[in-house]
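Hello,

Here is the structure I promised to pass on to you. Please have a look at it first, and then read my notes below.

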Amino acid sequence: TPCTQNDSNIAGWGWDAGTPDFKSAFENEVLGSRPCRGDPLPGTLMEHEVVLEYTATGFQSFYSSTERSTAKQVFYIVRRGKACLELNRTACPYTAAELASLTATIIQTEMAGFDINARETNRDLGRWG
């Protein structure tokens with residue numbers, strides 16, 4: 001969607017917070033920047049701030065609500081990227097190769113977090129609740 005100057009980009013008057021800029025917030029989550037505000041896009045998907053956090057050594061999506069939120073953001077980025085490619089859009093933010101690489105990383109990261117004995121002990125059941 002093209003950038004436009006409208007009420008959603010204007011701060012409020014006085015103490016009023018103004019109208020939230022939902023477009024920029026959404027783009028920051030999916031693209032890793034706010035291009036309508038002049039932010040540069042990450043060079044690749046793996047340079048996206050949330051993806052960098054998720055792929056950091058020792059990341060465990062079940063550890064806390066912050067990590068669960070990061071994991072959900074990464075899952076959404078992949079879902080949104082794949083949907084764009086499947087619709088044959090001309091301006092998708094990520095390539096199929098980037099998404100495939102991140103998907104493989106997600107599988108490794110999430111599988112590493114499961115206790116192989118969990119079926120016997122029921123220890124993993126509450127981690128995502």
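**Notes on the aromatic residues and the fold**

Tyrosine 54 is buried, with a relative accessible area of 1%. Please keep in mind that this is a predicted model.

Phenylalanine 59 is buried as well, at a relative accessible area of 13%. Tyrosine 54 and phenylalanine 59 form a tilted aromatic pair, with 4.8 Å from centre to centre and 50° between the planes.

Tyrosine 54 also pairs with phenylalanine 75: the ring centres are 6.4 Å apart and the planes stand at 70°, so this pair is edge-to-face, given that angles over 60 degrees count as such. Where do the two partners sit? Tyrosine 54 belongs to helix 2 (residues 49-54) and phenylalanine 75 to helix 3 (residues 65-86), so the pair ties together parts that are 21 residues apart in sequence. Phenylalanine 75 counts as partly exposed, with 30% relative accessibility.

Altogether, the structure holds two aromatic pairs, and Tyr54, Phe59 and Phe75 form one aromatic cluster.

Now for the chain as a whole. The protein chain has five helices and zero strands, which gives the pattern α-α-α-α-α along the sequence. It has 129 residues, and 27% of them count as buried. Among the contacts with a separation of 6 or more, 40% come from residues 24 or more positions apart. The accessible surface of the protein chain is about 9000 Å², and carbon and sulfur atoms make up 56% of that surface.

Note on methods
Residues are numbered from 1 along each chain as its sequence is written. This is a predicted model: local features need pLDDT of at least 70, side-chain atom pairs count only at pLDDT 80 or more; totals for chains, interfaces and linings use all residues. Side-chain values use heavy atoms; hydrogens and water are left out. Rings of Phe, Tyr and Trp (its six-membered ring) pair if their centres lie within 6.5 Å; planes under 30 degrees apart count as stacked, over 60 as edge-to-face and the rest as tilted. Buried means under 20% relative accessible area, exposed over 50%, partly exposed in between (1.4 Å probe, protein chains only). Helices (H or I, at least four residues) and strands (E, at least two) are DSSP runs, numbered from the N terminus. Contact means heavy atoms within 4.5 Å. Accessible areas come from the Shrake-Rupley method with a 1.4 Å probe; for residues, only the protein chains shown count as cover.
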